[in-house]
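Please look over the sequence and the structure shown below before you read on.

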Amino acid sequence: MSAGDIKLSNTEFEAIKAKVYQLAGISLSDAKRTLVMSRLAKIVHGMGLASFSAYVEFLNRKADPAHVQEFVNALTTNLTRFYREEHHFDHLLAHVGELIKAPPRVSTGGRPRLRLWSAGCSTGQEPYTMALALINAYPALKRWDVRILATDIDTKVVETAAAGIYKSTDLAGLSGKRCAYFDHGPNGAVAIPGAVRSLVTFKTLNLMGQWPFKGPFDAVFCRNVAIYFDKPTQTRMFTRMAEFLAPDGFLYIGHSENLGGCDGQFKLVDKTTYRLTPHDQIKAVA
Ligand SMILES: C[S@@+](CC[C@H](N)C(=O)[O-])C[C@H]1O[C@@H](n2cnc3c(N)ncnc32)[C@H](O)[C@@H]1O
């Protein structure tokens, strides 16, 4: 029997949908049936199991963390690229430019502090774009305490991201000036320069679980992530994010996303760019 011989019944598809929702908050539509088949059949076959039911039963019964993680990793969609939805990085640069001009409000060891979060960072292009854009625009930031937290539920993409090694084809569409921000090695390999990589801390984090950090963040990028969640899940997540944002910080979401009904806490200030409402800004200061 080959992986292609394993059929997916409606009941099995429903069980898989329920499992990934329970574990990751991901809502799979019926249109994702082929995707589920193609991504999971190989795993089921590789484990020597005869059916998807046996696989779901295995996940439910044994709760082996490695297999559960493999299941989640298989069902995430990790599409990303450097400078994706570029206007957000322009907006971030303008915001940080203002912070640099203003008297520093928070400092660690005497240094002005900048905290950014890329929530759902995939293979790292988003947080590295934040770091590359900032460090190349504002050399003064070298004297700042800059930390970019980059998190994702998928352990495989976090591993790739932390390595900071890409292919030259991953830079397709970038200007020559931006390509020069990267270290170019042999065989078309490109690397994030060490000084830039050191600004970013990668962690595996399920947005549905605990968030073991405090913030406040001067900017939160949560782009093209909520699109995989249903509305109540989006509302819960963005409501929580409001508590992690600095009073004058910004939340950036994907171009096809909305805040899932918690618009009361945020005010739209630019294209898919939000700030806390004045009421919530006061709460964040208190
Ligand atoms: C399409 S990528 C977006 C990457 C990047 N933010 C961008 O816009 O280019 C979506 C990412 O969200 C992550 N994700 C999905 N559900 C998640 C969850 N519950 N917690 C954390 N990350 C999640 C996926 O693993 C995936 O890497």
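A residue is counted as near a molecule if one of its heavy atoms lies within 4 Å of that molecule. In this predicted model, 22 residues surround the ligand, and the closest are Ala-24, Thr-80, Gly-120, Asp-152 and Asn-224.

**The shell around the ligand**

- When the residues of this shell are sorted by class, nine are nonpolar, eight are polar and five are charged.

- The side chain of Arg-84 has an N or O atom that lies 2.9 Å from an oxygen atom of the ligand.

- The ligand sits in the largest pocket, which holds about 480 Å³ of space.
- This largest pocket is lined by 32 residues, of which Thr-77, Asp-152, Asn-224, Val-225 and Tyr-228 are the closest to its centre.
- By class, the lining is made up of 16 nonpolar, 11 polar and five charged residues.

**Place between the domains**

- Domain 1 (3–75) and domain 2 (87–285) both contribute residues to the lining of the largest pocket, and therefore the pocket lies between these two domains.

Terms used
Residues numbered from 1 in each chain as written. Predicted model: local features only at pLDDT ≥ 70, side-chain atom pairs only at ≥ 80, totals over all residues. Heavy atoms only, no water. Polar contact = N/O pair within 3.5 Å; in protein donor to acceptor, adjacent residues only side chain to side chain. 1 Å grid on protein atoms, 1.4 Å probe; cavity = no way out; pocket = protein on both sides within 12 Å on 5 of 7 lines; lining within 4 Å. Sits in = over half its atoms within 2 Å of the grid points. Nonpolar A, V, L, I, M, F, W, Y, C, P; charged D, E, K, R; others polar. Points joined across faces, edges and corners; volume = space filled by probe spheres on them. Domains from an automatic or database assignment.
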